[in-house]
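Please examine the sequence and the structure shown below before reading on.

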Amino acid sequence: MQYTDEKELVNREFDHPHKVLTDVVNNVEKVIIGKSKAVQLCMVAMLCDGHVLLEDVPGVGKTMLVRSLAKSLGCSFKRIQFTPDLLPSDVTGVSIYNQKTNEFEFRPGPIMGNIILADEINRTSPKTQSALLEAMEEHNVTVDGTTYKLPSPFLVMATQNPIEYEGTFPLPEAQLDRFLLKLNLGYPTPEHEVDLLGRQQLVHPIEGLETVTDQETLQSMQQKVREIYVEQSIREYIVNITTETRKHPAVYLGASPRGSLSLFKAAQALAFVLGRDYVIPDDVKQLATVTLAHRLILKSEARLGGTTVEKVLSEIMKAVPVPVTREFSSAKARERVK
């Protein structure tokens with residue numbers, strides 16, 4: 001078999017989408033300085049119709065990240081401030097009786113948007129948290145027996161504070177499992193923080209942020225992501241990783257099949273973001289922790305012994321054999337070697 005022509009068969013249709021994605025990341029970084037990896041991973045979630053849980057201390061830019069992303073993508077932005085007295089109808093919407101028409105009219109809630117900021121999601125009751133379950137999984141909401149389709153694209157980006165637990169309601173496993181990625185921004189470097197002070201001296205940079213793409217382009221890219229080639233050995237590699245999470249002696253509950261599917265989709269999206277139309281093992285390695293860590297529950301004795309889910313996943317990634325794959329630069333190259 002001859003592979004020497006693979007580099008000449010680069011899929012040119014990826015040039016434009018990759019430039020769009022680069023423009024989006026650069027645009028968001030005008031507001032969120034020095035966090036290109038986090039922005040890139042948010043784009044990964046958006047491209048494969050996933051959701052993101054941002055867990056970090058206050059003041060590091062979680063809200064600004066979501067607003068900047070929505071503005072850059074030309075998507076509608078809705079914010080839900082979760083509080084203990086928030087009701088499910090405050091999220092999904094409510095039917096109100098119209099005396100003029102003698103009929104009930106549906107007044108949509110803030111969930112009816114493209115990019116939803118669920119701010120401090122763990123501060124509301126489990127009853128209200130559950131209002132997001134159907135929306136996040138099926139992209140629908142049901143009110144008074146009637147199902148309403150959510151707009152597309154649709155992305156929930158939820159925030160929570162990992163330090164302050166007083167007056168909070170931890171997210172149940174069923175809800176955590178619906179988040180594709182769990183990220184944290186972390187503090188900026190001193191150099192980036194000095195730059196931040198200068199940029200915000202006169203006006204906040206988000207006020208002048210421009211839209212760099214539109215919803216139609218984004219939906220087109222979402223479709224292209226589904227076509228990213230994933231070799232059989234890499235599919236088995238993903239399943240082997242999630243299977244090991246269920247066998248590890250320190251783990252009480254391992255990753256579900258949804259975890260395998262999330263890692264699969266995220267790897268496709270990351271390959272697309274990086275300008276490839278095929279997945280390599282490094283894509284899976286880079287995403288394993290942010291995709292699977294929040295889905296694992298450790299045994300109590302393991303937690304007391306200082307074990308973390310990150311350590312467990314690190315052990316698993318070292319133990320699971322990495323497949324040897326061919327890096328095909330285009331679909332045409334793959335057809336040639338069949």
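Helices (H or I, at least four residues) and strands (E, at least two) are DSSP runs, numbered from the N terminus. By this definition, the protein chain has 15 helices and 11 strands. The model is predicted, so local features need pLDDT of at least 70 and side-chain atom pairs count only at pLDDT 80 or more, while totals for chains, interfaces and linings use all residues. Residues are numbered from 1 along each chain as its sequence is written, and side-chain values use heavy atoms, with hydrogens and water left out.

Consider the overall form. The radius of gyration is taken over C-alpha atoms, and the globule rule is 2.2 Å times the number of residues to the power 0.38. For 338 residues, a compact globule would have a value near 20 Å; the protein chain has 21 Å, which agrees. Along the principal axes, the C-alpha atoms fill a box of roughly 75 × 50 × 50 Å. If contact means heavy atoms within 4.5 Å, residues 24 or more positions apart account for 80% of the contacts in the protein chain with a separation of 6 or more. Of the 338 residues, 49% count as buried, a term for under 20% relative accessible area, with exposed meaning over 50% and partly exposed in between (1.4 Å probe, protein chains only).

The next topic is a pocket. On a 1 Å grid over the protein atoms alone, a pocket is an open set of points where a 1.4 Å probe fits, with protein on both sides within 12 Å along at least five of seven lines; lining residues have an atom within 4 Å of a point. The second largest pocket is lined by 20 residues, of which C48, D49, G50, L180 and K265 lie nearest its centre. Helices α6 (133-138), α9 (215-226) and α11 (257-273) each supply at least two residues of this lining, and the largest share, five residues, comes from α11.

The backbone also deserves attention. Most residues other than glycine have a negative phi, and most peptide bonds are trans. A cis peptide bond, however, joins S152 and P153, with omega about 5°; P153 is in the loop between β7 (146-149) and β8 (155-160). E120, in the loop between β5 (115-119) and α5 (126-129), has a positive phi near 50°. H139, in the loop between α6 and β6 (140-143), has a positive phi near 55°. E120 counts as partly exposed because its relative accessibility is 28%, whereas H139 is buried, with a relative accessible area of 16%.
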